[in-house]
Amino acid sequence: METTAKRVQQPSPVPSAAAAAHAPVQQTLERYSRRHRRDASPVSAEVMAAEQAAREQRERKANPYQLDWQSQGTMLYLQSRAGAPVPLVNGDRVAAFDMDGTLIRTRSGRKFPTGRTDWLWLLPCIPDRLRKLHADGWKLVIFTNQNGISTGNQPVADIKGKILDIIKDVGVPMSAFVASADDLYRKPAVNMWSFMTAQHNGGIPVNKDMSVYVGDAAGRPAAWDGDDKTKKDFSASDRKFAHNCGISFYTPEEYFLHEKPAKFS
Ligand SMILES: [Mg+2]
């Protein structure tokens, strides 16, 4: 009898030895067994719901306008989720922007970004200006060539995440269209613009006389700003894009800093 009692007491997960001594052995074992089953059991629905709510809260913070990436062929674009509290704007006046070298530059100083967070506003005034345009009823759109996605030089997740980060930092909803390959969607081809106006403006015709496109690929020669160190623009594809869309073109310096139009070839 004594041997059996010793063996039974060995697992002894009971917190209080005094309580265990007074409780029938069988009852103690059952309690241990119940607790063990509880520990090993699947996570309860309540806990899973709380975890899901926490995940959604984190996502709402990172993506406050509830924008989802969609694709049309090789082109990527943002769409408001159904029921988003602040959806993307539809309207007749479009203020459209190139991204790299126009709204932002790399933080690293490199030509191509090293990752999702390698960016800074090109000019400190830009986010305020974008907020003002939104408040005045403009539809804000980014049109960006990102051929690095198709060549494998830029992870698509970095580009998608960076654009959401930029929009979050501005604090107003912005549409975005990304040409991910060197094909029919790449600026200066007009197809990103045509797709936006035909399918992502709520059926509202765009007033081309009022609408603008701002980009740094403007065909400006070396030292266009009087600084010998300034290189020539790598292309004129932004200027040509605006021309093909039939809307006014500005360089970032002309649009954001009200500088006089620079010469170009
Ligand atoms: Mg650019």
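## Close-up views

View A. Directly following helix α9, Gly246 adopts a positive phi of about 80°. The model shown here and in every other view is a predicted one. Helix α9 itself spans residues 237–245, and its buried residues are Ser237, Asp238, Arg239, Phe241, Ala242 and Cys245. An α-helix makes one turn every 3.6 residues, so side chains three or four places apart point the same way. Among the elements that cover the buried residues of α9 are helix α8 and the strands β8 (212–214) and β9.

**View B. The whole chain, for orientation.** Let us step back for a moment before going in again. The protein chain holds 10 helices and 9 strands. Its length is 265 residues, of which 28% count as buried. Of the contacts in the chain between residues at least 6 apart in sequence, 63% link residues at least 24 apart.

**View C. The seven-stranded sheet.** In what order do the strands of the open sheet lie? The order is β1-β2-β7-β6-β3-β8-β9, and the pairing is mixed. At the edges are β1 (67–72) and β9 (248–250), each of which pairs on one side only. Direction ignored, neighbouring strands of this sheet are turned by 25° against each other on average. Helix α8 (residues 191–199) lies across β1, β2, β6 and β7, and runs at about 145° to β7.

View D. Look now at β6, residues 139–145, where 7 of 7 residues are buried. In a regular strand, side chains alternate between the two faces of the sheet. Which residues of β6 lie on each side? Lys139, Val141, Phe143 and Asn145 take one side, Leu140, Ile142 and Thr144 take the other, and all of them are buried. Strand β3 (residues 94–97) pairs with β6 in the parallel sense over 4 bridges, with Val94 bridged to Lys139. Strand β7 (residues 175–179) also pairs with β6 in the parallel sense, here over 5 bridges. Along that pairing, Ala176 of β7 sits opposite Ile142.

View F. Strands β1 and β2 pair in the antiparallel sense over 6 bridges, and Gln70 stands opposite Tyr77 of β2. The hairpin has 2 residues between its strands, and Gly73 takes a positive phi near 60° there. Strand β2 (residues 75–80) is in turn joined to β7 by 3 bridges, and these two strands run antiparallel. Tyr77 has Phe177 as its bridge partner in β7, while Leu76 stands opposite Val178.

View G. Most residues other than glycine have a negative phi, and most peptide bonds are trans. Where is Pro188 found? Pro188 is in the loop between β7 and α8. The bond that joins Lys187 and Pro188 is cis, with omega about 15°.

View H. Gln66 is not a glycine, yet has a positive phi of about 50°. Gln66 belongs to the loop between α4 (45–62) and β1. Is Gln66 partly exposed or buried? Gln66 counts as partly exposed because it has 17 C-beta neighbours inside 10 Å, and a buried residue needs 20 or more. His258, in the segment after α10 (252–257), has a positive phi near 55° and is likewise a residue other than glycine. His258 has 8 C-beta neighbours inside 10 Å, so His258 counts as exposed; the limit for that class is 12 or fewer.

Methods
Residues numbered from 1 in each chain as written. Predicted model: local features only at pLDDT ≥ 70, side-chain atom pairs only at ≥ 80, totals over all residues. Contact = placed C-beta atoms within 7 Å. Pairing = 2+ DSSP bridges. Axes fitted to C-alpha atoms, helices over the stretch in contact; angles between N-to-C directions.
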